[in-house]
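Please open the structure in your viewer and keep the selection tool at hand. The stops below proceed from one selection to the next.

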Amino acid sequence: MPRVERGGAAEGDAIERAERPEPTPTPAAAREIRLPAAHVPTADEEPELDDPRAAGPRTVPAGTPPAIARVFERLPVGIHDEPPVGAIGASGIHVDKIWVGQAYEREGCTGESDKFSLAKHGAVNVCFRVVHSRVEEKVDVLWEKDGELFRRRAMQIPELHAYRTRAYLVLRREYIGSWKARVVSVDGIELAAVSFVVVE
């Protein structure tokens, strides 16, 4: 009788072992690597970018209306495109670079500065690069002196994906003061702005 119990127990162990499936080895590539909970960022702890423009050329600026964002995101991306420096116009038009220089050459404004002297400089050049659909459009460059509109200049943007252009201001004594050049779309959206001062 004791033999039967031992035999029964041994048989039961064998049946139990036979019913248990053997673990299947998982290839290393298919294994999920899990970090300890302390290292997994939560939604509230997502790292913020120091420069929102570093995210990519079709990063939609905060506050852009959804309809304009959709138009903007459908624009083709060129290898030299950067994210907008300002807001986006209704057609998706935007400026991805703006700078001020003492002179203008084939590659754009040179002698970058934000301070110009009547004694040393003859003009202020504002260069900017416009990205848009391949349709002819217009932008306005608004020159503001000491917070007041001083001059408006309309500029044609040809049927190119990206177009670099410039506006300039020939310096005169009455131009001493603080200036801002604003690039504005036909629907009144400020695409870019840059500030500088003119001194004696």
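This is a predicted model: local features need pLDDT of at least 70, side-chain atom pairs count only at pLDDT 80 or more; totals for chains, interfaces and linings use all residues.

What is the nearest side chain of opposite charge to Glu 137, and how far away is it? Select Glu 137, which is placed in strand E5, residues 137–145. Glu 137 is buried but has no salt bridge, and the nearest side chain of opposite charge belongs to Lys 138, 11 Å away.

Display polar contacts next. The side chain of Glu 137 is joined to that of Ser 91 by a polar contact of 2.7 Å, and to the side chain of His 132 by another of 2.8 Å. Leaving out residues up to four places away in sequence, Glu 137 touches Ser 91, Ile 93, His 132, Met 155, Gln 156 and Ile 157.

**Salt bridges around Asp 81**

The structure holds eight salt bridges. Select Asp 81 and Arg 58, whose side chains meet in one of 3.3 Å, N to O. Asp 81 lies in the loop between helix H2 (66–73) and E1, and Arg 58 in the loop between helix H1 (2–19) and H2, so this pair ties together parts that are 23 residues apart in sequence. Both Asp 81 and Arg 58 are buried.

The side chains of Asp 81 and Arg 129 form a salt bridge at 3.2 Å, N to O. Because Arg 129 lies in strand E4 and Asp 81 in the loop between H2 and E1, the pair connects parts 48 residues apart in sequence. Arg 129 is buried, as is Asp 81. Extending the selection to Asp 96 shows a network of salt bridges that links Arg 58, Asp 81, Asp 96 and Arg 129.

**The disulfide**

Where is the disulfide found in a search of the whole structure? That search finds one, and it joins Cys 109 to Cys 127, with an S to S distance of 1.9 Å. Cys 109 lies in strand E2 (residues 108–112) and Cys 127 in strand E4 (residues 123–131), so the pair ties together parts that are 18 residues apart in sequence. The torsion about the S-S bond is about 90°, and the disulfide is therefore right-handed. Both Cys 109 and Cys 127 are buried.

Beyond its neighbours within four places in sequence, Tyr 104 is in contact with Cys 109, Thr 110, Asn 125, Cys 127 and Arg 166. Tyr 104 is partly exposed, at 34% relative accessibility. Its C-alpha atom is separated by 9.1 Å from that of Tyr 168, 64 residues apart along the chain.

Select Ala 103, also in strand E1, residues 94–105. Ala 103 is partly exposed, with a relative accessible area of 31%. Its contacts, not counting residues up to four places away in sequence, are Gly 108, Cys 109, Thr 110 and Asn 125.

**Strand E9 and its partners**

Finally, colour strand E9, residues 190–199, with strand E3, residues 115–117: they pair in the parallel sense over three bridges. Phe 116 has Val 198 in E9 as its bridge partner. Strand E8 (residues 177–185) runs antiparallel to E9, and eight bridges join them.

In the hairpin of E8 and E9, four residues lie between the strands, and Gly 188 takes a positive phi near 80°. Val 184 stands opposite Glu 190 in E9. Glu 190 is partly exposed, with a relative accessible area of 32%, and its side chain meets that of Arg 182 in a salt bridge of 2.5 Å, N to O.

Note on methods. Residues are numbered from 1 along each chain as its sequence is written. Side-chain values use heavy atoms; hydrogens and water are left out. Helices (H or I, at least four residues) and strands (E, at least two) are DSSP runs, numbered from the N terminus. Buried means under 20% relative accessible area, exposed over 50%, partly exposed in between (1.4 Å probe, protein chains only). Contact means heavy atoms within 4.5 Å. Two strands pair if DSSP finds at least two bridges between them. A disulfide is a pair of cysteine sulfur atoms within 2.5 Å. Lys and Arg count as positive and Asp and Glu as negative; His and the chain ends are not counted. A salt bridge is a side-chain nitrogen of Lys or Arg within 4 Å of a carboxyl oxygen of Asp or Glu. A polar contact is a pair of N or O atoms within 3.5 Å; within protein, one must be able to donate a hydrogen and the other to accept it, and residues adjacent in sequence count only if both atoms are side-chain atoms.
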